[in-house]
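Here are my notes for your review. Please read them alongside the model.

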Amino acid sequence: MQTGNNNNLIEYLKTVDVFNNLEVSTLQALADNTSSVMLNRDETLFKKGDAADAMFVVKSGMLAVFMPGNDGKEVEVGEIGTGSIAGEIQFLTGGKRTATICAKEDAELIKLYKTIFDTIQSDLSVFLQRINEIIQYRLRHSQLSVILPKLFGSLSSGEIKAIEKNAERVTITRGKTLFHQGEQTDAFYILLNDHLGVSIKDGAKKAVMVNQIYSGESVGEISLITDGIHSATVYAMRNSELVKFSKTAFHRFLKMYPELSTQIMQMIVRRLHRAQRATKRKKSCAIIAVAPVNPEAPMGEFTKRLITALSAQGSMLHVNSKSLDTFLETPGISQISEQDHNMIRVATWFNLQEEKYRFIICETDNSVSNWTKHCLSLAEHVVLIGSASSDSGLGEIESKLIYHEQKEQGVRYTLILLHPNGHNLPAGTKKWLEKRPISMHHHIRMDNNADFHRVARFISEREIGLALSGGGARGFAHIGAFRAFEESETPVDIIGGVSMGSLVGAFYAMGWSYETMVGMCNFSASDMIFDLTLPFSSILSGKKFVKALEDHFGDTQIEDLWLPYFCVSTNLTRAETKTHRTGPLWEALQASNAAPGIFPPVVLDKELHVDGCLLSNLPATEMRELCNGAVVGIDVTPPVDLAENTPYKKGLSGWRILWSKLNPFAKTITIPSIASILRRSGEIASIANRRQVIENSVDLYLRLPAEKYNVQDYKLAKQIIDDGYIYTKQEMAKNQLTGKL
C-alpha cells in the first residue's frame with residue numbers, strides 16, 4: 001500500500017455524489033485532509049475488527065466486501081465501485097470495522113480523515129446527511145437481500161434488485177399509524193427493522209393490541225388478497241422503516257413467485273398462533289431508559305445492579321452521557337439537540353449497537369437535558385426509579401418529558417420503589433400510583449439481589465407468573481408447590497389466584513416463609529357452625545372469615561406487597577370477572593372467596609362481588625395480561641368430583657341423613673353437603689372453559705392430585721400441602737420443568 005498527498009482533488013470530488021454541490025471552501029478543506037491510497041489486486045484495505053479512523057472514496061478500480069458466513073468463514077457480500085465510498089459507517093460512529101474490504105482489482109482510493117468534522121462546519125450537515133443516505137440505502141439493500149428470498153423463494157441478485165426497484169421507502173416514528181382499521185387497502189409492506197403493533201377496537205370502541213409485526217414480516221397482504229379493507233390498525237412501537245409495494249406490484253409478484261403465497265399463509269398462521277397464545281416473540285434488541293423520579297434515588301447504584309442482573313438474560317450495553325461521548329470520540333455530543341447535524345452520527349451509532357446487543361440500558365441524567373430527552377425518545381421501556389421514603393410527587397423529568405402529554409403507543413412504564421431492606425412491609429404506594437399511568441410497579445429491597453433479578457426478568461419478558469386455582473381446602477396444595485419451586489430455585493415473579501388460591505397466593509406475596517404459611521392453615525370446617533345466620537343471602541354471615549382475614553393481613557394494601565399480586569372475583573352485578581390489583585388486601589380476598597350461597601356477596605362500589613371461580617377458576621387469562629414471560633397454571637380442581645353418592649328416589653330427608661350419621665347401626669347415606677354442592681356448582685362454568693384457558697394462556701399446566709380430599713378438609717391441611725409438594729417436585733424432576741420456563 002502506498003500513500004501520498006494530493007491537493008488537486010476538488011474537480012474530481014465535484015463528480016462524486018456525496019460531495020456534489022458542496023461549497024468550494026468545503027471541498028478545499030476536504031482536499032487538505034485527504035491522502036491517496038494505492039491497492040494492488042487482492043490487497044486488503046482493512047479487516048473486520050480494525051480500528052476505524054477514516055473513510056475512503058474509490059477513484060478507480062473495484063473493492064470487494066467480506067463478512068463472516070454461518071460457518072464463520074468470510075464470504076463476499078458486495079462490491080464497491082468507482083465513485084462510491086467505503087468505511088463510512090465507522091467514519092461517523094467510531095469503533096471497530098464490521099467487515100473486511102479487499103481490492104478486487106488494482107484500485108486507487110482517496111482517504112478522508114475524521115479531522116474534517118472540525119474543518120467543514122459550514123457544509124457539515126449536508127455532508128453528513130448524504131453519507132447517512134448512503135448508509136441507509138446499503139443497510140436497506142442488505143436487509144432486503146436477506147428478507148426477500150425468505151418471502152419469494154430463491155432469488156438471483158438481479159431478481160432482488162428488480163423487486164427492490166418497485167419498493168418505496170417508508171419511515172414512521174414511534175406511536176404513529178401506518179394504516180387504520182376500516183381504511184381501504186392500497187399496498188402491502190415489508191418491515192425492515194423494529195416492530196409494529198396491531199390493534200382492533202373492542203365493543204367499547206377501545207383500541208386493544210392483539211398482535212405484533214416483526215422485522216422481515218409483511219403487513220397489509222391479507223386485505224390485498226381479499227380486496228377489502230384493513231381489519232386492524234397498525235402502528236409503530238418504535239421508529240420503524242418499511243418498504244412499500246403497490247397493489248399492482250403485489251398481484252404481479254404472486255403470479256411470478258408462487259412461493260410468496262405459501263410464505264404469506266404460513267406467516268398468517270404464525271400470527272394467529274401468537275394472538276391465541278397472547279405471547280410476544282423476543283426481539284433482537286430492547287432499549288430501556290432508566291430515569292430518576294426524585295434526587296434521592298440512588299440511580300448509579302441501582303443501574304449498576306440492574307445491569308448485573310440483566311446480563312444473565314442476554315448481551316447488554318450500558319450507555320450514559322459520558323460514555324456516549326467516549327464511544328463517539330466527541331466530547332459533548334451526547335448533549336446535542338435533535339436538530340443538530342451531528343445527531344445523524346448518534347442515530348447511526350445506536351442503530352449499529354442494536355444489531356449487536358439484546359439490551360441497551362440508557363441511563364438518563366438526573367435532570368431534564370438533551371441526553372435525557374434522547375434516552376426517552378429511543379426507549380420502548382421506561383424504568384422510573386424512586387426512593388420509597390421520599391415525596392411521591394412527580395419529578396422534573398416526569399412532569400416535563402413524560403406525563404406532559406398523552407403517552408405514546410407501545411411504550412411501557414415501570415415504577416421502581418427502593419427500600420433499604422425488608423424489615424417493614426411497604427406502605428403508601430397508592431399515592432405513587434395515583435399520579436402515574438404505569439403498567440407495573442416493583443418494590444426493591446437494596447439488600448436483596450433476588451429483587452433485582454426479578455425486575456431484570458420483567459424487563460427481558462422472561463418473568464414467571466403463577467396462576468392459582470380455587471378449590472377450598474384442596475388449595476392448600478399450592479403451598480407445597482411453592483416449596484418445590486423454591487427448592488428447585490425456580491423464581492416466582494408475579495402471583496395471582498382465585499378463591500383459596502388467592503388466599504395462599506397472598507401468603508406468598510407477603511414474603512412469608514414456608515413454615516409461616518403452614519402455620520396460617522388453621523381453618524376448621526366445624527368453626528363455621530358458629531357463623532350460621534338466617535339464610536336470606538347466605539348460610540354463613542362471613543363475620544368469622546372477615547375477622548380471620550383482618551387478623552392475618554391487617555390494613556395491608558395489595559399494591560404494598562413485596563411481590564406483584566392480584567386476585568379475581570366475579571362481579572355478580574355485571575356478570576364479569578374483576579381483577580383486584582390495588583386496595584385493601586383483606587377486602588379483595590373476601591370477595592374472591594365469597595362462595596355464593598355460603599358467604600354473603602361483598603359490596604364494592606355498590607356492586608355485588610362473589611367467588612371468582614364462577615367465571616375464572618384458573619386465572620391464567622388474567623395473568624397473561626400482566627405477564628409477558630411464562631405463565632404456570634396450578635390447578636387443584638378435579639375434572640370429576642362428588643362421584644360416590646347413595647341413590648335416592650322421590651326425595652331426600654335431611655333428618656334421615658342426620659340419623660344415619662348418629663346411629664351406628666343405620667345404613668350410611670353418602671351425599672355431599674350443601675356447601676360442597678354449591679361450591680362445585682360455582683366451578684362448572686370455569687371448568688368447562690378450562691381447556692381453552694390452558695391452550696391460550698398457559699405455558700406450563702400442573703394439576704395437583706387433591707381429589708381424594710374434600711373441599712372442607714381444612715384439618716388435613718398439612719397432608720394436602722405435603723401431597724402438593726411431592727407431586728410438584730416429581731413433575732419438575734421428571735419433565736425438567738425448569739428448562740421450559
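**Notes on the predicted model**

1. The structure holds 5 cavities of 30 Å³ or more. A cavity is a set of points, on a 1 Å grid over the protein atoms alone, where a 1.4 Å probe fits but cannot get out. Points are joined across faces, edges and corners, and a volume is the space filled by probe spheres set on the points.

2. The largest cavity has a volume of about 50 Å³. Its lining consists of Gly542, Phe545, Val546, Gln590, Asn593, Ala594, Phe599, Pro600 and Val602. Lining residues have an atom within 4 Å of a point. By class, 6 are nonpolar, 3 polar and none charged. Ala, Val, Leu, Ile, Met, Phe, Trp, Tyr, Cys and Pro count as nonpolar, Asp, Glu, Lys and Arg as charged, and the others, Gly among them, as polar.

3. The model is predicted: local features need pLDDT of at least 70, side-chain atom pairs count only at pLDDT 80 or more, and totals for chains, interfaces and linings use all residues. Numbering starts from 1 along each chain as its sequence is written, and side-chain values use heavy atoms, without hydrogens or water.

4. Gly511 follows α17 with a positive phi, near 90°. Helices are DSSP runs (H or I, at least four residues), as are strands (E, at least two), numbered from the N terminus.

5. An open, antiparallel sheet has 4 strands in the order β3-β8-β5-β6. Its edge strands are β3 (44–46) and β6 (74–80). Pairing takes at least two DSSP bridges. Thr44 has Cys102 in β8 as its bridge partner.

Methods
1 Å grid on protein atoms, 1.4 Å probe; cavity = no way out; pocket = protein on both sides within 12 Å on 5 of 7 lines; lining within 4 Å.
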